Amino acid sequence: MVSLTKEQSVQEKLKILTDAAKYDVACTSSGVDRRGTSDGVHGNGIGNSINAGICHSFSGDGRCISLLKILFTNECIYDCKYCINRKSNDVPRASFTPDEVCKLTIEFYRRNYIEGLFLSSGILYNPTYTMELLYQTLYKLRTVYHFLGYIHVKAIPGADPLLIEKIGFLADRMSINLELPTAEGLKNIAPNKNRKLILGPMRQIQNGITQSKNELAVYRNAPRFVAGGQSTQMIIGATNEQDYQILQVSEGLYQKFGLKRVFYSAFVNVNEDKALPATIGGPPLLREHRLYQADWLLRFYGFKAQELLDEQHPNLNVLLDPKEDWAVRHLEAFPVEVNRADLHTLLRVPGIGVKSATRIVKARLSARLTFEDLKKLGVTLKRALYFITCNGRMMYPTKLSEDYIVRQLTDSVKRVNFGSDGMSYRQMSLFDDYHVNAAPDIITLKKAAGGEF
Amino acid sequence: MDTILVCPHSLEGVFTAIYIAYRDKMVHDNTHIQTQLEQELETQRVLFSEYREIQPDEELFGKVRRTLIERIGWEVYEQICEAMAMEKPGMADSVYHTVVKALSKGPNTGCYVLQNLTDPYIHKVAMASQNVWREIHHLMGFVRFEELAGEEPILYSQIGPKNNVVTFLAPHFADRFPMENFMLHDCKRGIFVVHPKNQPWYVRLEQGVNSIILPPVTKEEETYRELFREFCQSIMIQSRRNDKLQRQMLPIRFREFMVEFS
């Protein structure tokens, strides 16, 4: 690929290559604790990293800006239908040099604009060549510029495994995008990619991480391989997979590939490709939101994908969040006595999160909890009150019936509604929000609320 | 009759008052600590109570500090310090009674004191510490340095936090930029944290100084500001635009000091 345009300035390049990278979701800087000095005073580099991750800014879409998220180049030999940088698109192209990336990272970092670097790339010539460019950049940043901040780098499917291993010792997190939940979907939309090429390096990184952890257990100063773990990303709504399939894939990735995070990205039809669905009403943000909620349930609340969804009930409920939805279908498990139930049971109550559940368990060691106390501990009683008792009593007399609780939970005016204009807290209406034209009869309404759609 | 110990709003002041309350064998339930700053915020005085002024004393502070770290552990001690960074009425008193509760139980239980959230004093301290920690964590990200010209460039940052957190931020940045000269300036309280290259950081108080004269910014500074603004603009996905979410994640009060919003 020969660029016929004149030499671009760094500013132009940054604009093009940021714009090209923005559809990548993972902008987290968490998972690694690394000090920049030996004693809080002396150090010979720049940067450190804290486990919780730090957000440095938030862009106009409300997403966090933590890392300098750029592509190394947006020149690409692939022609994936969903991607803005595909080769058949006529968009301005640019490439950084390793030094430009290093300089930008360091200067932004010194001013505390960013927490580190997120480097991805289009495929220039071939995967191995591209990966080598990324390696050069990272190597320079770590050894010449002595940068100790966070680095997230994309592994490029099909690149030489040796390069992936070498780059793993420089980066804090690596990720390979799964792009689509099923192999079939991938074949249709991204003709140059295949599932095997994606899962291969993913397995390699997983093995590398395990090996590195074992070595660290014996040798304290052994080099660390991808200390922040690996992540991946799936596009939601480009193909017709159901939520059940997506969640099962995520669960498999967490269990079998030891992934740290799976990111979901609501599909935006940037290319207006005819093979892909149009996103006129905006990207499917509510679906993305529900998937993230379900993802959290898998990772932190001890739920299994099978419990949340099944073949008869393959999509997440629009009106209720996944935990409420599970709870109203399993009323036999409720009500839960807050002063006695174990942590695991408490975590399954809607309105009680990980934080409030641990607080409850700790606080009840020294006192019997009342509803008043629960409020103080951060329990959302508005949702929890149908499912809990305190000292044998419910907060208000309520019926333990699915219909009743669903009506109560969905009735409140304050339910979140995601539209293309973002979140609005107006009352949801079936007619406006869900494009129902005729007034639904009572059975349909009940079904809708029970999540049978 | 209640006794109210009045001290300056600082860890030194409150710990000295705690020492005195223990030394003079006061009945803890009838004793309260109020700081001068809290008195300004809440001008009402309580009738039929004795007010007693306490002068902070470094030695007594050290004694209390040592005991606390030993008995309640570093983590809880840090949380108590964070709570004191919040300038709200009743905070010193809550800290005092939390300390009393922590020390009244047997050995090795002090570190669990903040778990008993049903106690109003402890609840107040725990929530304040959480609140302050959140602001510290926010500012670790939202602080923006600008490069000032000089023999060696100096990174300078101005912040106006709700709570008095600038000293909590200093260790983080000192660890992050050991080879930089940097300065954090809390312009609401007139507190400077100064970190010379490869040396420990220190605090300077310049209260009452309205304007300080700073050297001009370097030539490249404007370039990088512009680059970052450009970056923040390009990274946004127009079809997901959501100002409300942005406001929720990054409250307006921080934006005054951030280059991408100026």
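First, the conventions. Residues are numbered from 1 along each chain as its sequence is written, and chains are lettered from A and ligands numbered from 1 in the order in which they are written. Because the model is predicted, local features need pLDDT of at least 70 and side-chain atom pairs count only at pLDDT 80 or more, while totals for chains, interfaces and linings use all residues.

Let me start with chain A. Its secondary structure comes to 17 helices and 12 strands. Helices here are DSSP runs of H or I with at least four residues, strands are runs of E with at least two, and both are numbered from the N terminus. Of the 453 residues of chain A, 46% count as buried, meaning that 20 or more other C-beta atoms, placed from the backbone, lie within 10 Å of the residue's own. Take the contacts in chain A between residues at least 6 apart in sequence: 69% of them join residues at least 24 apart. A contact means C-beta atoms, placed from the backbone, within 7 Å.

Next, the sheet. Chain A has an open sheet of six strands, in the order β3-β4-β5-β6-β7-β8, with parallel pairing. Two strands pair if DSSP finds at least two bridges between them. Which strands stand at the edges? They are β3 (67–71) and β8 (261–266), and each has a single partner strand, so one side of each lacks a neighbour in the sheet. From one strand to the next, the twist averages 20°. Strand β7 (residues 230–236) of chain A runs parallel to β8(A), and six bridges join them. In one of these strands, β8(A), A:V262 is the bridge partner of A:T232.

Now the contact between the chains. Chain A puts in 51 residues and chain B 44. On the chain A side, elements that each supply at least two residues include α2 (98–110), α12 (354–363) and β12 (422–424). α1(A) gives the most, with five residues. That side divides into 19 nonpolar, 19 polar and 13 charged residues. Asp, Glu, Lys and Arg count as charged; Ala, Val, Leu, Ile, Met, Phe, Trp, Tyr, Cys and Pro as nonpolar; the others, Gly among them, as polar.

Last, a helix pair in chain B. Helix α1 (residues 11–23) and helix α3 (residues 58–84) pack at an angle of about 115°, with axes 9 Å apart. Axes are lines fitted to C-alpha atoms over the stretch in contact, and angles run from 0 to 180 degrees between N-to-C directions. Residues in this contact include B:F15 and B:Y19 of α1(B), and B:F61 and B:M84 of α3(B). The contact residues divide into 10 nonpolar, one polar and four charged.

Notes: Two residues are in contact if their C-beta atoms, placed from the backbone, lie within 7 Å. A residue is buried if 20 or more other C-beta atoms lie within 10 Å of its own, exposed if 12 or fewer, and partly exposed in between; C-beta atoms are placed from the backbone.
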